[in-house]
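Subject: Handover of a structure

Dear colleague,

Please find below the structure that I am passing on to you. My notes on what was found in it follow.

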Amino acid sequence: VVAGDDAGAQARRLAEGAGWPLLAEPSSGSRTGDLALRCYRLLLDPERGLDGLAAGIERVVVVGKPTLSRPVTALLARADVEVVSVPARGVWAERPYPVDLVATHPTVPGPDTAGAEWLDAWQEADRSVARRLDALLRAEPDLTPYDVVGAVSRAVPPEGLLVVGPSSPVRDLDLMARPTPVGSRRKTVASRGLSGIDGMVSTAIGVALAREVAHPGGRNLALLGDVTFLHDANGLVLGPGQPVPDLTIVVVNDDGGSIFTMLEQGAAEHADRFEALFGTPHGVDLAALCAATRTPHLRVTGLPELEQALAMPNGGLEVVEAVVRRDDRRDLDERIRALGRREPG
């Protein structure tokens with residue numbers, strides 16, 4: 001079961017009823033329970049995937065709107081995979097890939113012995129990759145974007161809110177967010193699409209204010225990249241008499257656009273023009289920027305500092321700047337992707 005944005009509890013119940021692996025994006029509302037896999041995208045290479053699991057997929061049931069990863073997109077485009085679509089809500093409900101069957105009210109058979117073995121294999125592979133991923137990150141000498149995202153995810157308590165920006169943060173969250181208990185009612189909101197970068201500071205403030213009405217006294221966090229934050233930095237300007245939410249905005253600052261280092265344009269042959277066209281370093285002093293709007297700001301460079309800052313919010317609107325490297329991002333991601341692959345031969 002692939003659970004995209006806004007899939008909700010239906011995807012989890014569907015997976016549990018049939019005993020199928022659940023591949024749930026962070027904003028799906030479905031990454032709960034025992035069947036949701038954390039590192040699924042690392043297991044989806046049909047040619048080199050760990051234990052050949054991806055090659056054995058025959059059918060995918062899609063709930064919500066999956067948008068995040070190329071491995072999922074490639075899975076849904078495979079000619080040997082039957083795609084069953086549970087209709088998505090909203091204006092743009094069409095599927096941008098071939099659909100073999102539309103199931104408005106899906107019913108599934110109960111788990112069987114073969115299905116239980118299939119599920120066990122996926123769960124064990126997921127646990128194995130997750131252990132090695134965590135070990136790889138612990139061995140890194142510097143704070144990584146994955147460390148930041150993992151710490152923020154862990155800091156969201158039951159009834160808490162996380163607003164996450166586009167590009168790298170939401171994709172990193174997809175790999176680092178552990179499934180949470182059913183009924184804990186954590187809310188993750190993600191801005192997606194071509195203009196997902198627009199207005200994210202204002203969006204986070206608005207969502208936090210709305211959440212405080214529904215869940216007074218809850219913990220509200222936002223996770224944004226530095227370019228996304230700068231794109232709407234004037235969202236910190238709140239007019240006289242306007243409500244101020246309890247919201248911690250964590251900015252992953254690598255001085256540019258790290259998402260592109262992992263794509264084709266980040267290859268070595270484009271290094272002579274990459275920084276000007278895609279890396280776009282800005283060199284902005286975020287502390288001075290926050291000071292201009294009297295927004296409390298804290299700069300951290302290590303995981304213990306970040307965890308302490310997240311555990312002790314000041315209340316009101318505040319910015320925590322987590323400084324990470326960008327020059328090693330492509331190499332780091334290549335090593336992470338390799339965790340889900342079989343060795344040749």
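In which loop is the place of Glu 159? Glu 159 lies in the loop between α4 and β6 (161–164); helices (H or I, at least four residues) and strands (E, at least two) are DSSP runs, numbered from the N terminus.

Before going further, please note that this is a predicted model, in which local features need pLDDT of at least 70 and side-chain atom pairs count only at pLDDT 80 or more, while totals for chains, interfaces and linings use all residues. Residues are numbered from 1 along each chain as its sequence is written, and side-chain values use heavy atoms, with hydrogens and water left out.

Backbone features

Most residues other than glycine have a negative phi. Glu 159, however, has a positive phi of about 70 degrees although it is not a glycine. With 31% relative accessibility, Glu 159 counts as partly exposed; buried means under 20% relative accessible area, exposed over 50%, and partly exposed in between (1.4 Å probe, protein chains only). Arg 294 is another residue other than glycine with a positive phi, here near 55 degrees. Arg 294 sits in the loop between α9 (286–292) and β10 (297–300), and at 76% relative accessibility it counts as exposed.

Helix α1

Helix α1 covers residues 9–18, and Ala 11, Arg 12, Leu 14, Ala 15 and Ala 18 are buried in it. Seen down the axis of α1, these buried residues fall within an arc of 160 degrees, so they line one face of the helix; the arc is that of the directions from the helix axis to the C-beta atoms. They pack against β1 (2–3) and β3 (59–63), where contact means heavy atoms within 4.5 Å. Just after α1, Gly 19 takes a positive phi of about 75 degrees.

In helix α11 (residues 329–338), the buried residues are Arg 329, Leu 332, Asp 333 and Ile 336. Viewed down the axis of α11, they fall within an arc of 95 degrees, so they too line one face of the helix. The elements that cover them include α3 (113–138), α4 and α5 (168–176).

The axes of α3 and α11 come within 10 Å and cross at roughly 155 degrees; axes are lines fitted to C-alpha atoms, for helices over the stretch in contact, and angles run from 0 to 180 degrees between N-to-C directions. The two helices are therefore roughly antiparallel to each other, given that angles under 35 degrees count as roughly parallel, over 145 as roughly antiparallel, 65 to 115 as roughly perpendicular and the rest as oblique. Leu 133, Leu 136 and Leu 137 of α3 meet Leu 332, Arg 335 and Ile 336 of α11.

Helices α4 and α10

Helix α4 (residues 145–155) and helix α10 (residues 303–311) have axes that come within 10 Å and cross at roughly 25 degrees. They are therefore roughly parallel to each other. On the α4 side, the contact is made by Asp 147, Val 148, Ala 151, Val 152, Arg 154 and Ala 155, and on the α10 side by Leu 303, Leu 306, Glu 307 and Leu 310.

Pro 71

Pro 71 is placed in helix α2 (residues 70–77) and counts as partly exposed at 28% relative accessibility. Pro 71 and Arg 41 are 30 residues apart in sequence and 5.9 Å apart in space, C-alpha to C-alpha. Not counting residues up to four places away in sequence, Pro 71 touches Arg 41 and Leu 44.

Yours sincerely
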